[in-house]
Structure formats: C-alpha cells, structure tokens
Amino acid sequence: MSGRFITVEGIEGVGKSTNVRWLAERLRVRGIDVLVTREPGGTPLAERLRDVLLHAEEAVPPVAELLLMFAARAVHLENQIRPALAAGRWVVCDRFTDATRAYQGGGRGEAGERIEQLAEWVHGDLTPARTVLLDAPVDVALARTRDRGSEDRFERESLAFFGRVRAAYLAIAAREPSRVVTIDATAPLTQVQSRLDQILDEILSKSS
Ligand code: Z5A
C-alpha cells in the first residue's frame with residue numbers, strides 16, 4: 001500500500017509547498033489520481049490540531065507538541081491517507097513523520113526512541129515509498145519566507161533551532177538512502193523540478 005505514498009520534507013522555505021503542487025500536477029498529467037495533503041493537517045480535525053500547534057496561546061511543553069503531532073497524524077492517516085491509498089490513489093504529502101524526527105527530535109531534543117515508538121504505534125505498517133528532502137542552508141531557506149508577515153510558533157524559533165532540524169533531516173537521509181532522496185534546494189526551481197521528474201520516473205518504472 002505504501003508504493004504510492006510520497007512525502008516532501010525540509011526546513012521552512014526550501015520549497016515544499018511549491019514542489020508538492022508541482023509533483024501532483026506532473027502525476028495528473030500522466031493520468032494518475034493523486035491526493036495532495038499536508039501535515040500537521042489534511043482533515044478538518046487535523047487542521048484544528050494544526051491551528052493549536054502553530055498558534056497556541058500558552059506554552060506547549062515539548063511532550064505535548066510531540067503527542068499532538070502524532071494525534072493529528074493518526075486522524076489524517078485513518079480518515080484521509082489510508083482510504084486514498086486503499087482506493088488506488090497516490091498520496092503526495094507535505095511533511096510526515098520525518099518532520100517529527102527533525103523538529104521534535106533534532107529541534108526540541110525529544111528522544112528518538114520515543115518518537116520511533118509512537119511512529120510504530122501510529123503507522124508501523126506504512127512508510128513512504130519515497131521521501132524528497134529539499135535541503136538548503138538555514139539562512140537561504142528562511143530568507144525566502146521573510147516577507148510573509150505574522151509568524152507562527154515554529155517560525156519564531158532561532159537559527160540554531162533550524163540548524164538542528166536541518167542536521168536531523170540530513171542524518172535521516174544518510175541512514176535511509178533508498179527511501180530519502182536529497183535535492184539541493186538552492187538550485188534554480190527548474191533544476192529542482194527536473195530532478196523531481198527523474199525521481200517520478202524511477203518510482204513509476206518500479207510500480208509498473
Ligand atoms: N512540524 C513539526 O514540528 N513536526 C511535524 O511532525 C510536522 C510539522 C508534520 C508547519 O509546517 C510547521 O509544523 C513547521 C514544522 C512543524 N514549521 N516550520 N518551520 P509547514 O510545512 O506548513 O510550514 P513551513 O515549512 O513553514 O512551510 P513554508 O514556509 O511554506 O515553506 P515551504 O513550503 O518549504 O516553501 P514554499 O512556500 O514552497 O516556498 C517559499 C518561497 O521560496 C516561495 O516564494 C517559492 O516560490 C520560493 N522557492 C521555492 N523553491 C525555490 C528555488 N529552488 N529557488 C528560489 N526560490 C524558490
């Protein structure tokens with residue numbers, strides 16, 4: 001079932017949303033039915049949890065943040081991702097559990113073992129077939145989102161925080177080279193997307 005499940009990861013501003021939309025369009029052009037979704041979020045209830053996570057009006061202890069991420073993920077999986085995959089659709093998801101490993105693990109310092117226990121509990125049977133990690137230095141990525149106005153809880157974090165998140169992502173990619181493909185997100189968008197096209201070709205040739 002995970003053969004059609006693609007996730008896109010990276011720190012803020014590397015181009016995830018832009019390229020998730022582009023990937024979905026490329027799949028549609030090939031006649032493939034695709035669900036485009038995001039985490040935290042993707043269903044009405046999970047979007048409400050997203051709002052809590054991004055705009056909480058009081059301090060959110062790291063353990064609560066971790067559990068809320070997985071609560072939103074459990075809802076999203078059961079009500080959106082699993083039914084889509086079961087119906088033969090492809091799913092392209094803007095962030096998934098690697099974001100928890102990177103942000104709550106690398107960024108906040110929550111124990112990796114605990115995160116893996118939760119991942120096993122919530123979706124032990126489902127791992128993305130391919131994860132695209134868009135990678136760029138923190139200053140380059142954050143500069144792309146600078147003029148957006150009001151910031152959420154994560155966007156207010158320090159450069160050091162995003163540095164730890166990026167390092168955690170790169171460590172995941174080094175550990176799992178057959179799943180995670182890293183793309184240099186400082187390259188021009190056309191170059192990033194031509195690499196994405198190659199990745200789609202590889203996935204499609206394996207699943208045909
Ligand atoms: N979070 C978490 O902590 N734990 C978890 O388990 C999960 C999430 C699932 C919300 O995520 C927050 O949730 C997130 C981590 C946390 N917070 N942070 N940081 P989100 O994905 O919704 O938020 P985001 O990462 O902040 O998204 P973003 O700022 O929209 O970034 P993006 O989607 O990667 O970038 P973009 O909007 O596609 O592109 C930004 C700009 O750069 C735009 O103008 C593009 O046209 C431009 N761009 C894109 N690519 C290029 C290239 N190659 N060259 C030049 N310009 C480019």
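A: Let us begin with a term: helices and strands are DSSP runs, a helix having at least four residues and a strand at least two, and they are numbered from the N terminus. Please keep in mind that this is a predicted model.

Q: Which helices each supply at least two residues of the shell around the ligand?
A: They are α1 (16–29), α3 (62–86), α4 (97–107) and α8 (189–207), and among these helices α4 gives the most to the shell, with four residues.

Q: Which residues come nearest to the ligand, and how is the shell divided by class?
A: The ligand has 29 residues around it, of which S17, T18, R50, R95 and T100 come nearest. Sorted by class, the shell holds 12 nonpolar, seven polar and 10 charged residues.

Q: Which polar atoms of the protein lie within 3.5 Å of the ligand's N or O atoms?
A: A polar contact is a pair of N or O atoms within 3.5 Å. A backbone N or O atom of V14 lies 3.3 Å from an oxygen atom of the ligand, while a polar side-chain atom of Y103 lies 3.4 Å from a ligand nitrogen atom, and a polar backbone atom of A185 is likewise 3.4 Å from a nitrogen atom of the ligand. Taken alone the ligand exposes 1100 Å², and the protein buries 83% of that. The space that the ligand takes is the largest pocket.

Q: What should I look for in the backbone?
A: As a general idea, most residues other than glycine have a negative phi, and most peptide bonds are trans. In this structure, R95 has a positive phi of about 80 degrees although it is not a glycine, and R95 is found in the loop between β3 (90–94) and α4. A cis peptide bond, with omega about -10 degrees, joins E39 and P40, and P40 is found in the loop between β2 (34–38) and α2.

Q: Is R95 buried or exposed?
A: A residue is called buried when its relative accessible area is under 20% and exposed when it is over 50%. R95 has 14% relative accessibility, so it counts as buried. By contrast, R48, which has its place in helix α2 (residues 44–55), counts as exposed because its relative accessibility is 61%.

Q: How far apart in space are R48 and A72?
A: Although 24 residues separate them in sequence, R48 and A72 are 8.7 Å apart, C-alpha to C-alpha.

Definitions and conventions: Residues are numbered from 1 along each chain as its sequence is written. This is a predicted model: local features need pLDDT of at least 70, side-chain atom pairs count only at pLDDT 80 or more; totals for chains, interfaces and linings use all residues. Side-chain values use heavy atoms; hydrogens and water are left out. A residue is near a molecule or strand if one of its heavy atoms lies within 4 Å of it. A polar contact is a pair of N or O atoms within 3.5 Å; within protein, one must be able to donate a hydrogen and the other to accept it, and residues adjacent in sequence count only if both atoms are side-chain atoms. Accessible areas come from the Shrake-Rupley method with a 1.4 Å probe; for residues, only the protein chains shown count as cover. On a 1 Å grid over the protein atoms alone, a cavity is a set of points where a 1.4 Å probe fits but cannot get out, and a pocket is an open set with protein on both sides within 12 Å along at least five of seven lines; lining residues have an atom within 4 Å of a point. A molecule sits in a cavity or pocket if more than half of its atoms lie within 2 Å of its grid points. Ala, Val, Leu, Ile, Met, Phe, Trp, Tyr, Cys and Pro count as nonpolar, Asp, Glu, Lys and Arg as charged, and the others, Gly among them, as polar. Buried means under 20% relative accessible area, exposed over 50%, partly exposed in between (1.4 Å probe, protein chains only).
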